[in-house]
Amino acid sequence: MSQTVRTRPAGSGQSLNEAYDTALLDLDGVVYAGGSAIAHAVESLGTARSGGMHLAYVTNNALRTPDAVAAHLTDLGVPAEASDVITSAQAVARLISEQVPAGARVLVVGGEGLRVALSERGLEPVESAEDEPVAVVQGYGGPDLAWGRFAEACYAIARGVPWFASNTDLTIPSARGIAPGNGAAVEVVRIATGAEPQVAGKPLPPMHRETILRTGAERPLVVGDRLDTDIEGAFNGDVDSLLVLTGVTDGAQLLAAPPQHRPTYVDADLRGLLTGQPEVEEAGEGFCCGGWTARAGGERLELEGDGEAIDGLRALCAAAWTAAGDGKCELDGGKALARLGL
């Protein structure tokens, strides 16, 4: 896929909820963290929905079923149906079903979300390598997943059974901070077996395909907090994206982003769905946004001016990404980001 290298965040004269028909929203770090709603999420999503935007919730977390996720969202004040939720468990179950016979047994290392998704595809979830599975699937099983589950996966994979993973996110946001994600667990099995799984979740095509099949979106906007899943997934699917700074990505990671990790838009939180996006303009050798001007110096990024911190970050993105071209920006942005409180 050939794409133009993005060198600055885009502007939009329309509010994003009017410019796009469907928001493909990540959950952890975007809508909630550790079970609690993120600030401004509930009100912003309610306003976007009442204005006619279709909201779909797309998560790499394979632990919970769509029914459970929809119930949680509704409890938080974001009314949702199970059909509004797309999980990596569903994507990996479809991927497996296309490669094994109907009714086949699949060894599950994960939670209820995986078992339900497999059953919906006519596959039989099993617990042991001795149950003669034809595939192994691994997904996030929560903090209490027993170590012995990894051993079962290893026994089956060593016998030549193909291995699938819902996703490979190394971390997951929680109310207490950043915790190990399914990718960390996948590494345990990879190290023990030397095998490589087929992966379905963001940023890979099976998840994007699952999302479009289930939503029918024509002008989708991916909304996420992770560069290596949400934003790269949008890049791979050739659709626009909004990065919100309520999850794992910080300012330094954003400035250093290679082309596939550069979002179309950047905003502080989900209120960005309800507004237009300011243009980042060239100004001599620098870039202006709001009251800020950013430029690439000899060894660092420089910032001057005043105004909203998010505008300063947008200007810094333009300076960093332009300097980096199709690579990663190596300039020091620490002092500039500190001035913005980021």
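**View 1. Helix 6 (residues 147-158) lies across strand 6 (105-109), strand 8 and strand 9.** Helix 6 runs at about 140° to strand 6; axes are lines fitted to C-alpha atoms, for helices over the stretch in contact (heavy atoms within 4.5 Å), and angles run from 0 to 180 degrees between N-to-C directions. Helices (H or I, at least four residues) and strands (E, at least two) are DSSP runs, numbered from the N terminus. Helix 7 (residues 182-193) lies across strand 8 and strand 9, at about 160° to strand 9. The model is predicted: local features need pLDDT of at least 70, side-chain atom pairs count only at pLDDT 80 or more, and totals for chains, interfaces and linings use all residues. Residues are numbered from 1 along each chain as its sequence is written, and side-chain values use heavy atoms, without hydrogens and water.

**View 2. Five strands form an open sheet in the order 7-6-8-9-12, with parallel pairing.** Strand 7 (124-126) and strand 12 (198-199) stand at the edges with a single partner strand each, so one side of each has no neighbour in the sheet. Two strands pair if DSSP finds at least two bridges between them. Strand 8 (residues 135-138) and strand 9 (residues 163-165) are joined in the parallel sense by three bridges, and Trp163 in strand 9 is the bridge partner of Val136.

**View 3. Strand 10 (residues 171-174) and strand 11 (residues 177-180) pair in the antiparallel sense over four bridges.** The two strands, strand 10 and strand 11, form a hairpin with two residues between them. Thr171 stands opposite Pro180 of strand 11.
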